[in-house]
Amino acid sequence: MKITDTSDLWWKSAVVYCLDVETYLDGNGDGVGDFEGLGRRIDYLAQLGITCLWLMPFYPSPDLDDGYDVTDFYGVDPRYGSHGDLVEVIRTARDRGIRVIVDLVVNHTSDRHPWFRAAKRSKNSPFRDFYVWRSDPPPEGQVNAVFPGQADGVWELDEKSGEWYQHSFYEHQPDLNIANPRVRDEIAKTIGFWLQLGVSGFRVDAVPFLLEVPEGADIADPHDLLRDIRAFLQRRSSEAILLGEVNLPYDEQRAYFGDGAGELSMQFDFVGMQAIYLSLVRADPASLVTALTARPLIPDEAQWANFLRNHDELTLDKLSDAERQEVFDAFAPDERQRVFGRGITRRLPPMLGGDPRRIRMAYSLLFTLPGTPVLFYGEEIGMGENTEIAGRESVRTPMQWSRDRNGGFSDAAPSRLVATPPGDGYAPAFVNVAAQLEDRGSLLHFMRDLIARYRISPELGWGRFEPIDQDVTSVLVHSLRADVGRMIAVHNFADVPSRIAFALGDEPAGSMLVDLLGSERLPLDERGRIELDVSAYDYRWLRVSRPGDGRVT
């Protein structure tokens with residue numbers, strides 16, 4: 001790796017921040033967040049240190065699935081503003097060093113999309129084959145794997161034609177037929193359109209479902225579609241990325257990167273995320289180490305995206321039944337905090353009992369995992385969920401800017417808000433940006449400092465993970481080694497202090513460890529060993545400084 005690669009491949013060391021425009025800031029007082037409001041907060045994001053802003057769907061939609069039921073892939077929901085407002089946000093963000101990526105939701109459309117309405121009118125409609133149909137009744141007893149208990153199977157009867165259409169998600173989200181060349185052309189045109197408006201890539205929704213080939217279709221390899229999308233993307237914009245949602249075991253997930261990064265640029269690490277929570281419950285990082293060492297090798301130009309929370313339920317589907325129950329018992333003891341039998345509808349701070357030591361250790365860990373960190377809006381201030389809202393919507397409450405009415409999100413009457421903020425100990429009166437800006441010891445300032453250190457430490461985004469042996473089972477010591485340097489991270493998963501010792505025997509004599517979150521310079525002994533005292537839920541970022549390397553620390 002050359003040092004210039006860290007900018008050419010910007011996503012390898014980015015800090016990604018996901019937000020929903022409708023819950024971020026209301027600029028016109030109607031109770032719904034909009035691009036006008038988001039534009040006022042670009043400087044806040046820049047000061048936080050964000051380098052990539054991921055916008056959840058803002059397209060026209062009946063909003064029956066939080067905007068993932070799209071009626072116009074080229075549109076902007078008028079509740080949020082216009083194309084001009086969006087372009088102004090993209091321009092302002094770019095001016096502050098922030099790229100913008102947007103959700104690409106092309107596995108399905110809304111059943112109110114003009115294509116589907118035309119498809120339903122006649123079997124001879126040119127849009128009929130945009131979707132997947134069957135004339136014979138589907139097998140009985142089919143379960144909807146995405147929304148078990150909330151959606152019935154994956155086929156819905158269209159009474160007018162007497163045929164069934166496929167929906168991998170809700171009944172109101174009919175699947176597009178990727179075997180149809182016209183559908184593939186529309187996907188490419190959609191990508192080209194948003195690239196022309198200035199976005200730097202896409203978070204691709206539900207990639208495995210997108211590549212599902214209808215029964216009987218003549219497509220030898222559905223991954224050809226993903227390769228074609230990536231090739232088209234790179235022709236239109238050399239910097240643009242595809243960040244894919246691929247919730248599969250590692251051995252299956254590897255195929256979605258392609259060879260030589262020919263498919264997805266980045267993928268979320270769902271396996272690693274779930275291992276983090278099991279390790280937090282057990283106060284033992286062994287599960288996380290097992291997951292990270294099992295990651296398949298990926299192309300140099302590809303990357304893993306690490307996260308602790310996102311806009312959906314906290315899925316635990318890759319854990320065993322017993323492991324999942326462990327996490328449920330610790331972090332979601334109330335059945336109402338669980339969904340689909342596999343996930344948790346809570347944010348991180350309430351799950352960790354509001355313990356600031358444990359919360360900060362978890363985020364330090366996130367930023368020192370090999371890959372790119374992804375934050376969900378509000379994580380930087382420790383927002384909680386609204387326990388009165390059922391399901392995954394409980395974590396999609398308005399951003400809490402101040403202790404004022406509606407948390408400073410909107411001037412509208414509370415009854416007009418798109419969602420209600422929490423009313424418990426995580427209410428805006430107790431958790432908000434304004435108060436934390438004034439408090440140098442707040443989580444917000446901690447996150448700013450963490451991001452600042454991350455951004456000057458390319459080892460973190462580029463490094464190769466190596467666990468380092470030591471005798472305390474509750475402490476994770478790992479190395480991230482890259483051509484640009486080496487970092488040692490230490491994290492104590494337990495609420496008791498420990499003294500640890502470990503060796504870096506392959507470092508030259510005279511090397512030392514520089515504490516990036518403090519001011520210590522810790523020499524290694526003649527055998528390359530060091531002993532450290534770690535407090536409860538402690539975390540350390542230690543850069544290896546070799547004699548004569550001249551690196552500014």
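Q: What makes a pair of residues count as a salt bridge here, and how many does a search of the whole structure find?
A: A salt bridge is a side-chain nitrogen of Lys or Arg within 4 Å of a carboxyl oxygen of Asp or Glu. By that rule, a search of the whole structure, which is a predicted model, finds 47 salt bridges.

Q: Why is the pair of Arg203 and Asp103 called a salt bridge?
A: The closest N and O atoms of Arg203 and Asp103 are 2.7 Å apart. The cut-off is 4 Å between a side-chain nitrogen of Lys or Arg and a carboxyl oxygen of Asp or Glu, and therefore the pair qualifies.

Q: What makes this a link between distant parts of the chain?
A: Arg203 belongs to strand S7 (residues 201–204), whereas Asp103 belongs to strand S3 (residues 99–104), and the two residues are 100 residues apart.

Q: How do you know that S12 and strand S13 are paired?
A: Pairing requires at least two bridges between two strands. S12 and strand S13 (residues 343–344) have two bridges, in the antiparallel sense, and therefore they count as paired. In one of these strands, S13, Ile344 is the bridge partner of Arg338.

Q: What makes strand S11 and strand S12 the edge strands of their sheet?
A: The open sheet has three strands in the order S11-S13-S12, with antiparallel pairing. Strand S11 (314–315) and strand S12 (338–339) each pair on one side only, and that places them at the edges.

Q: How do you know that domain 1 and domain 2 touch, and which residues of domain 1 lose the most area?
A: The domain assignment gives domain 1 as 4–107 + 179–454 and domain 2 as 114–166, and their C-alpha centres lie 30 Å apart. Contact requires heavy atoms within 4.5 Å, and 14 residues of domain 1 are in contact with 13 residues of domain 2. The area buried between the two domains is about 1,100 Å², with carbon and sulfur atoms giving 63%. In domain 1, Asn180, Arg182 and Phe340 lose the most area to domain 2, together 40% of what that side buries.

Conventions: Residues are numbered from 1 along each chain as its sequence is written. This is a predicted model: local features need pLDDT of at least 70, side-chain atom pairs count only at pLDDT 80 or more; totals for chains, interfaces and linings use all residues. Side-chain values use heavy atoms; hydrogens and water are left out. Helices (H or I, at least four residues) and strands (E, at least two) are DSSP runs, numbered from the N terminus. Domain bounds come from an automatic or database domain assignment. Buried area is the accessible area (1.4 Å probe) that two parts lose on being put together, summed over both.
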